[in-house]
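Open the viewer and get ready to select. The tour goes one stop at a time.

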2 protein chains.
Amino acid sequence: MTERTMHLNAFLMNVGHHEAAWRLPQSDPAANEDIRHYIELARIAERGTFDSVFLADSPALRTDVGQRPATQLEPTVVLAALAVATERIGLVATASTSYNEPYNLARRFASLDHISGGRAGWNIVTNATAEAAHNFGYDELPSHSERYRRAEEFVEVSQRLWDSWEDSAELGEKSGAWADTDRVHEIDHRGEHFAVRGPLNVTRPPQGHPLLVQAGSSEDGKNLAAAHAEAVFTAQQTLDEGKAFYADLKDRALRLGRDPETIKILPGIVPVIGDTEQEAARREVELAEHVVHGYALQRLSDTLGVLLTDSDLDRPLPKDLPGEDGIETAKSRYTLIVDMARRDNLTVRQIIHRLSGGRGHRTIAGTPEQIAETLQHWFTSGAADGFNVMPAVLPEGLESFVDHVVPLLRERGLFRESYSGLTLREHYGLSRPANRFTRDRRAAGTSGS
Amino acid sequence: MTERTMHLNAFLMNVGHHEAAWRLPQSDPAANEDIRHYIELARIAERGTFDSVFLADSPALRTDVGQRPATQLEPTVVLAALAVATERIGLVATASTSYNEPYNLARRFASLDHISGGRAGWNIVTNATAEAAHNFGYDELPSHSERYRRAEEFVEVSQRLWDSWEDSAELGEKSGAWADTDRVHEIDHRGEHFAVRGPLNVTRPPQGHPLLVQAGSSEDGKNLAAAHAEAVFTAQQTLDEGKAFYADLKDRALRLGRDPETIKILPGIVPVIGDTEQEAARREVELAEHVVHGYALQRLSDTLGVLLTDSDLDRPLPKDLPGEDGIETAKSRYTLIVDMARRDNLTVRQIIHRLSGGRGHRTIAGTPEQIAETLQHWFTSGAADGFNVMPAVLPEGLESFVDHVVPLLRERGLFRESYSGLTLREHYGLSRPANRFTRDRRAAGTSGS
Ligand SMILES: Cc1cc2nc3c(=O)[nH]c(=O)nc-3n(C[C@H](O)[C@H](O)[C@H](O)COP(=O)(O)O)c2cc1C
Ligand SMILES: Cc1cc2nc3c(=O)[nH]c(=O)nc-3n(C[C@H](O)[C@H](O)[C@H](O)COP(=O)(O)O)c2cc1C
């Protein structure tokens, strides 16, 4: 094994990331709400010694339900079920900072960390669509900067709550005290968005804090990641863009006083695997044939905030699109699509096909060797610490990645042969965070030891 | 079997409901956060063909952590784990209407219902302590009537969200539509507390709605129960009080146009089981010997809103306690304790011992025959449709109930020999609710069928 090895996350979505995956003959159109489907996927990923599985989320019905399986089981309860059905793999769920209360969410993730024996992670998102806002009393989506301000405070409150019980504060002395009251703390937070007294009613999670994951690549998103994230999911179309993002984010972390090694950057890839190049290409074509253009046009219109119709299909994007500053929804995804279209001179039809596999994530169609080669290249060129694997079709795409790509990565000394750690932090090579109350108490000299 | 059979719920709390249970030699003081403990308990209850297991909750650290295991895994994630670890038993979790958003909670319960194949139930509570309010931005506990007004609106929004997908709106036609957009509805709720557009992003739960459970017996609590609850947990000290509560609640339901059969009333009982009366008494004494009076006095002081000290131990309660109208916390529990103390002329020390087993629920110490006899008597006298079984010590108290009391109830034709239904509603003999949007659509004649 070389010293530095890569990290792999399996992004589980429905019957695959490709928007038309559910229309294939082998796909189960009801799998999106079937817990057995997610258990099967998590077990496949665990067989492949992936660091983690991951579930995305948005608290709204976001898409045209006629066109695609649009419902989804709430991820934190799915994680609890997966915790019982797996042994070692990390379990990451998305939850919104815009539409939750920190006490409730910090507690759920602490509980998940206990239930899974230290395998829980939280993908911190602000949610970029008005549909979600409408389900929580807002007439309009709160502004991008307001959402990220709330996210920042939300994360800080959560961290304080996880620390509100010092490690081993529970004593369990049957003839004396169950816990040491001196090591259980109110947090007394009063901020712009939240007032939370604490302490949490769950002891400190096995990992100290669940793993913190972040996935928005706007300026505000990168700052949140640099301050708090330990794993970062990102969509990067080209190696150069990937390297620039990687260097930028590591540098931001460094400037905030962090060791850049403690923030793992995982670009997404959509592998389409064939025994031969021809077979991989055939699979791509099969998927493309199932794309419904009207629907894809509408989704692209929503993302870009312009109305595109059939007559635009064979034209380039309009020239007068605003810059990212004028966007209040998902800023970085907007920029990625516009840049990609301009760079590669794409028509709207071509954009739609590029986005159909992974909504902006890079699709790599090829043989297992070609895919392993590309991953190695990104990994050794300073563009990635690992990858967010987003199979176009599930479970088959994950199975073939585990059976055919993972062995090649192992042969090259790039990926673990078996789990060496027990917790998600251990899989990612990250240490357990110190407890701020323990530190303050020791600094104040109030501890006997 | 007689026609009418009883329903049994196992109330799982820590290592038992008795406040000193954790101090017994056989108890594991860390079990409160150990998912394996809850899985073991749920499997024991399932072996006993209980209708359901139940987890209480409050989003705050509520008690003196030196005196008792005080932390608790968040119940909805625990339920998801139990769903995967059991097959048939119903799974009821408590969640607060005061400190959640309806979209999030309705979605989690819908997800739990899908994950468990129709076995989820929600115990609707408003939370009666200021500690919880302090974790959610409030300086003071919102008033009792305000909390129940919010609860009423919360339940209505949740029901509309569960109905927002009509049954079988998902079609899964690969060459056509995934879902029938005409049968997926925005709810467009705008009320005093919530504005929620919908639709939910989870299809209608297998049970239509998860089972709705309620557990506050104040005037407002009974009205909420009469309007919405399908199972009611309640603390009743005497048969007469139990009969009066039962008749009152069934009558309220009737006056709201409901069939009184569709609301099942389950008083709590704390069984302390011995092979002989002497052994049961010995167990009670052993538990009593572990009670810490200072702690129990403080809890009683909190509940009654008066300061009681050691010097009060051998006196009756103060005479000048206010009526229930003056109480803004847990009204019905307050009244139960004051009434019990006056009726039985109890000193504070005696009150403490009465409350130590089940916080106001009736303790029955005796042989399996004596316990079965008491349950039958309450069941046939119009005081109960079943019982909320709250073992003083867990798992042993649940095991002996399942192994020794359940067989006697079966012999008497009072309890099922095996599960006949698949869902929690089927266990309780309750029908699946009709969908209000289907009804409205049919009434408007917009449906072809
Ligand atoms: C791999 C990946 C997963 C994501 N998952 C979610 C998600 O589950 N929910 C969500 O609202 N946004 C998700 N996002 C989007 C971002 O978190 C963010 O909402 C969006 O990019 C806007 O952020 P930005 O404005 O900072 O770019 C994801 C992004 C990536 C790259
Ligand atoms: C069996 C049972 C279980 C209860 N579980 C909870 C609970 O988990 N959380 C909670 O806040 N209150 C719980 N309660 C208390 C009531 O729901 C309610 O909060 C309290 O009695 C005050 O309601 P009231 O003012 O209507 O009497 C429970 C009550 C009973 C009888």
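**Around the ligand**

Start with ligand 1 and K331(A). A polar backbone atom of K331(A) sits 2.9 Å from an oxygen atom of ligand 1. Keep in mind that this is a predicted model.

Now step back to the whole ligand. On its own, ligand 1 has 610 Å² of accessible area, and the protein covers 92% of it.

Next, colour the elements around ligand 1. Four in chain A give two or more residues to its shell: β4 (120-125), α5 (144-163), β8 (231-234) and α10 (331-343). Which of them gives the most to the shell around ligand 1? Select α10(A): with three residues, it gives the most.

Then show the shell itself. The residues surrounding ligand 1 number 24. Pick out the closest: D57(A), H144(A), Y148(A), S218(A) and S332(A). Colour the shell by residue class. Twelve of its residues are polar, nine are nonpolar and three are charged.

Two further contacts are worth a click. Select T94(A): an N or O atom in its side chain is 3.3 Å from an oxygen atom of ligand 1. Move to A215(A). Here a backbone N or O atom lies 3.3 Å from an oxygen atom of the ligand.

Last stop: colour chain A by pLDDT. The mean over the chain is 95. Of the residues in chain A, 99% reach 70 or more. For the model as a whole, ipTM is 0.96 and pTM is 0.96.

How values were computed. Residues numbered from 1 in each chain as written. Chains lettered and ligands numbered in written order. Predicted model: local features only at pLDDT ≥ 70, side-chain atom pairs only at ≥ 80, totals over all residues. Heavy atoms only, no water. Near = heavy atom within 4 Å. Polar contact = N/O pair within 3.5 Å; in protein donor to acceptor, adjacent residues only side chain to side chain. Areas by Shrake-Rupley, 256 points an atom, 1.4 Å probe, with all protein chains shown as cover. Nonpolar A, V, L, I, M, F, W, Y, C, P; charged D, E, K, R; others polar. pLDDT = per-residue confidence, 0-100.
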